[in-house]
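Morning, everyone. Let me show you the model and walk through a few of its parts.

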Amino acid sequence: MGPELVAEFEKRFLDGPPIQVRLRRPVDHFSLTVLFGPSGSGKTTALRCLAGLDRPQRGYIRFGDETWFDASCGILVPPQRRQIGYLFQEYALFPHLTVERNVGYGIRRIGDAERRTRIAEITDLLGLAGLEDRYSHQLSGGQQQRVALARALVCRPRLLLLDEPLSALDLPTREQLRHELRQWLTKLAVPGIVVTHDRVETLALGDHVVVMDHGRVRQSGPPQDVFSSPVDLAVARIVGVDNIESGKVIRMTDGLATIQVGSSELVALSAARVSGQVCVCIRAEDIMLEKGAVARQSSARNHVVGCIRSLDREGPMVRVGIDCGFPLKALVTYQACEDMGLRDGMEVTALVKAPAIRLIPRE
Amino acid sequence: MDIEAIWVSVELAAFTTLILFLIGLPFAYWLAVTSWRFKFLLESLVVLPMILPPTVLGFYILVAIGPMSPLGRAYEEMTGHVLAFSFQGLLFASILYSLPFAVRPFAAAFASVDRRLIEASWCLGISRLRTFVQIACPLSWAGIVTGLVLSFAHTLGEFGVVLMVGGNIPGVTRTISIAIYDEVQAVNYRGAAMASLVLLASSFIALSVTHLINRKGGYGT
């Protein structure tokens, strides 16, 4: 196994919960780890501790065979000697320096010729050619973020830490940069840790996600897995499962659990044996709607009949609230909604595949 | 008009400003970034000369640099001269007296520099000292110039402390404001008016300069 970043530390504050981080990620090849969680969950503090900008009170941080921090023997390697890149939320470009001097700021010690080559290489790669003589206030948000990225990458960091790198950008720029960011880091083989509270960003960027809440790591793993199988209610809420209802297991046969939810019954796939009270999690986009009451066709697909209670337009999608013995939220395209002629009070059948229902045992 | 006194004042102000630049800048930076919990005590101490009557400050300095004090004795042993009633003694007093006029604008300017710029520099591998010189100072230039101009102008016109610590030795410690006092005592209003005009003009120019650069200066964020 190659070198890894191994961190386990705690940072306490006078007010608010302590931030406790456990992390183990490979650092010998490109891979993006996402620290995901609501604001105030301690993501940025975790990142600052990894950079050496904040000092935890307990624990250790090791990078390969180097110890960056160890509370037990008082080791704290300053950020200058960690050879990392750090991207701040609002770019933090030096306002008194041109783009070229911003990018070259961290590599002043190397020879003139090589410095120029490296600056040219990185500005070309990041599409900054032609902007060398501008100052930060003459650049757009996307350009500023590219300059900040170039400034960090030109130093050839062993690890790039990004604090909400895209949140200050407008939507089209954000989507473009999100795509490019992965490309550049892959090309330069720089592993990264990204802090974000954006679900789309987590799914699009991350190879691995660490879900944080109230200063603690709740769950980690590949984003798809974590988003589809949250381990508990808190994670389910954070990753944005739209329907979380409590239910009671009626019976368990051949890996299929039948659960009583409100006045309806649902069949869910469950590898583990469940019993008693459970939380039923269904993502709104996993629900299909059909007009009228449709008869049950197979046991692996649930047919729940209910009444439409609300219709809310969300961009190209419509969020449909249905009362079917319990409140259910479904997400359908605007076009589908028009085609079916969905209206308030109309009777519909919600189709949910058994594997799309996630059960979380209630403590 | 007493050209000699003007020269003593200018020389005193120049040296005071230079020394305040050298020691006040790192001190102000430390004050701006430290999270030490007794910082407020030091901040109060720095501003004290603004509130204290110059005669009180002068009295304490006189005692502190007198031949009976450790500082005065150490100076005498090293140089063979007495510190009190000398130009050097006066310089020492001026530095303390003008300290708030330098340190406060410096510290305010440093405090307004975005902390993330300093941290960004550290993360790019640049030492704390070089970050101070290359990021914090250039971004605080308006505050630094303000502090220097105010220190110079304030020292140029000081009276009470000079009288207490320096005495009134022509060509050595007789400054322009003491010369004005002497002219008035001697009912030579013409001489006093000329010297006063010099101080009035220099003070007005200093304040205009600081207001101008603080309106134009800075880089936004």
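One definition before the domains: the domain bounds I use come from an automatic or database domain assignment. And keep in mind that this is a predicted model.

Chain A first. The assignment divides chain A into domain 1, residues 4-234, and domain 2, residues 243-361. How far apart do the C-alpha centres of these two domains lie? The answer is 39 Å. The contact between them takes five residues from domain 1 of chain A and five residues from domain 2 of chain A. Look at the domain 1 side of that contact. By class, domain 1 of chain A brings two nonpolar, two polar and one charged residues.

Now the two chains together. Here 17 residues of chain B are in contact with 17 residues of chain A. Which helices of chain B each supply at least two residues to that side? They are α6, residues 115-123, and α7, residues 128-139. The largest share comes from α6(B), with six residues.

Last stop, helix α2 of chain B. This helix runs over residues 39-51, so 13 residues by the DSSP run. From first C-alpha to last, α2(B) reaches 19 Å. That is close to the 18 Å expected at 1.5 Å a residue. Where is α2(B) kinked? At B:Leu45, by about 25 degrees. The kink lies shortly before a proline, B:Pro49.

That's the tour. Over to you.

How values were computed:
Residues are numbered from 1 along each chain as its sequence is written. Chains are lettered from A and ligands numbered from 1 in the order in which they are written. This is a predicted model: local features need pLDDT of at least 70, side-chain atom pairs count only at pLDDT 80 or more; totals for chains, interfaces and linings use all residues. Helices (H or I, at least four residues) and strands (E, at least two) are DSSP runs, numbered from the N terminus. The expected span of a helix is 1.5 Å times one less than its number of residues. The bend at a residue is the angle between axes fitted to the seven residues ending there and the seven starting there. Two residues are in contact if their C-beta atoms, placed from the backbone, lie within 7 Å. Ala, Val, Leu, Ile, Met, Phe, Trp, Tyr, Cys and Pro count as nonpolar, Asp, Glu, Lys and Arg as charged, and the others, Gly among them, as polar.
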